[in-house]
Amino acid sequence: RYAGTIEDFASEVYHLRVSAEEERHQDELRHWVQATEEVENDLITTVDAARRQFDTAEAPLYTKLNLLMAECEQKVKDFERRYPEVSGSVHSVPAPLHGLVDPARPMPPGGGSARRALVIGCNY
């Protein structure tokens, strides 16, 4: 038998229910915190493994890229040394064709729709 008043009994029952519910929520929260930590640790492990795998695959490619870039630079220098006039200067074009390296002149305003062209073949 309960010795107190009915209000005291109701209040005590209410507090017991609230405590039980709060404990149940705390247990659920601990479960999800633990699950989250496990997933986070697994994810970190997976990302670290992927990063190591990427670095392992990337290192030889960078080495090869650097070698190819150095080889390309050397080939450009060799080409410029062998063919100094062919490096993009106007002197690589025969003298009669020097004017052809300039951009085309714009059409005069109101200058008709008919365009004419003179095509010259040059073999050198």
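Helices are DSSP runs of H or I with at least four residues, and they are numbered from the N terminus. The model shown here is predicted. Its protein chain has 1 helix and 0 strands. Helix α1 covers residues 6-82.

The chain as a whole may be considered next. How much of the protein chain is buried? Of its 124 residues, buried ones make up 1%. A residue counts as buried when its relative accessible area is under 20%, and as exposed when this value is over 50%. The protein chain exposes about 12,000 Å², and 58% of this area is supplied by carbon and sulfur atoms.

Attention may now turn to charged side chains. A search of the whole structure finds 4 salt bridges. In such a pair, a side-chain nitrogen of Lys or Arg lies within 4 Å of a carboxyl oxygen of Asp or Glu. One of the pairs joins Arg24 to Glu21, with 3.3 Å between the closest N and O atoms. Both residues belong to helix α1, where Arg24 and Glu21 are 3 residues apart, about one turn of the helix. Glu21 has a relative accessible area of 37% and is therefore partly exposed.

A further salt bridge links Asp48 with Arg51, and here the closest N and O atoms are 3.5 Å apart. Because Asp48 and Arg51 are 3 residues apart in helix α1, about one helical turn separates them. Asp48 is partly exposed, since its relative accessibility is 31%. Arg51 is likewise partly exposed, with a relative accessible area of 48%.

Asp78 and Arg81 also form a salt bridge, in which the closest N and O atoms stand 2.6 Å apart. These two residues of helix α1 are 3 residues apart, so about one helical turn lies between Asp78 and Arg81. How accessible are the two partners? Asp78 counts as partly exposed at 24% relative accessibility, whereas Arg81 counts as exposed at 59%.

The surface patches complete this account. Which residues make the nonpolar patch of about 300 Å²? Tyr62, Leu65 and Met69 make this patch. Tyr62 is placed in helix α1. Its relative accessibility is 46%, and Tyr62 therefore counts as partly exposed. Residues can belong to a patch if they have over 30% relative accessible area and no salt bridge.

A patch of another kind is negative, and Glu37, Glu38, Glu40 and Asp42 form it. Among these residues, Glu38 has its place in helix α1. At 45% relative accessibility, Glu38 counts as partly exposed.

Note on methods: Residues numbered from 1 in each chain as written. Predicted model: local features only at pLDDT ≥ 70, side-chain atom pairs only at ≥ 80, totals over all residues. Heavy atoms only, no water. Buried < 20%, exposed > 50% of the residue type's maximum accessible area, 1.4 Å probe, protein only. Patch = residues over 30% accessible without salt bridge, like charges linked within 9 Å, V, L, I, M, F, W, Y side chains within 5 Å. Areas by Shrake-Rupley, 256 points an atom, 1.4 Å probe, with all protein chains shown as cover. Lys, Arg positive; Asp, Glu negative; His and termini not counted. Charge placed at Lys NZ, Arg CZ, Asp CG, Glu CD.
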